[in-house]
Amino acid sequence: MRGNLLVLLISIGFFVSIDLYVFSGVKALTELTQPFIRKIIHAVYWGFTAWSILTLLIMYSGLYTSMPAWLRTGAILVTFMLLFTKLFFLLFLLIDDAQRFVQWVYGLFHSDVQTTNTDKTISRSKFLLKLG
């Protein structure tokens, strides 16, 4: 094995932790879809995760040296595109969670405030989630 095992484990842990957090947002986005479509979306999402982890394993094992240059470049490019897409989505999830946390803390000190939304607008949380 060419790479450091600790670096490999940290990298995989980084990918998986981001994937689990972003998947919570994907589940929220797909909760109103049909069950069959939801399963397909979830399977594709975890397929991308498997792709990323497999690419990491290949890179750290040294097998990438025997791969053609175009395949190696393409695999790394797809992996980084997936990572940056998930990091972009993660940004909106973190903003949404921070906003919910502030509302929760505010609600602890001001329990007499009631908010009712009777019109057909979407909440700020839903908007941020869909924007991501």
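These legends go with close-up views of a predicted model.

View 1. Fourteen residues, written here as 14, make up the largest nonpolar core, and Val22, Val26, Tyr45, Leu56 and Phe89 have the most contacts inside it. H1 gives the largest share, with seven residues.

**View 2. Zooming in on valine 26.** Leaving aside residues up to four places away in sequence, valine 26 touches Ile41, His42, Tyr45 and Phe89.

**View 3. A salt bridge between lysine 86 and aspartate 19.** A search of the whole structure turns up two salt bridges, and here the side chains of lysine 86 and aspartate 19 meet at 2.5 Å, N to O. Lysine 86 sits in helix H3 and aspartate 19 in helix H1, so this pair ties together parts that are 67 residues apart in sequence. Both lysine 86 and aspartate 19 are buried.

View 4. Arginine 100 counts as partly exposed because its relative accessibility is 43%, while aspartate 96, at 2%, counts as buried.

View 5. Phe36, Ile37, Ile40, Ile41, Val44 and Phe48 make a nonpolar surface patch of about 530 Å². One of them, valine 44, lies in helix H2 (residues 35–61). With 43% relative accessibility, valine 44 counts as partly exposed.

Technical notes: Residues are numbered from 1 along each chain as its sequence is written. This is a predicted model: local features need pLDDT of at least 70, side-chain atom pairs count only at pLDDT 80 or more; totals for chains, interfaces and linings use all residues. Side-chain values use heavy atoms; hydrogens and water are left out. Patches are made of residues with over 30% relative accessible area and no salt bridge: like charges are joined within 9 Å, nonpolar side chains (Val, Leu, Ile, Met, Phe, Trp, Tyr) within 5 Å. Accessible areas come from the Shrake-Rupley method with a 1.4 Å probe; for residues, only the protein chains shown count as cover. A salt bridge is a side-chain nitrogen of Lys or Arg within 4 Å of a carboxyl oxygen of Asp or Glu. Helices (H or I, at least four residues) and strands (E, at least two) are DSSP runs, numbered from the N terminus. Buried means under 20% relative accessible area, exposed over 50%, partly exposed in between (1.4 Å probe, protein chains only). A nonpolar core is a set of buried Ala, Val, Leu, Ile, Met, Phe, Trp, Tyr and Cys residues joined through side-chain atoms within 4.5 Å. Contact means heavy atoms within 4.5 Å.
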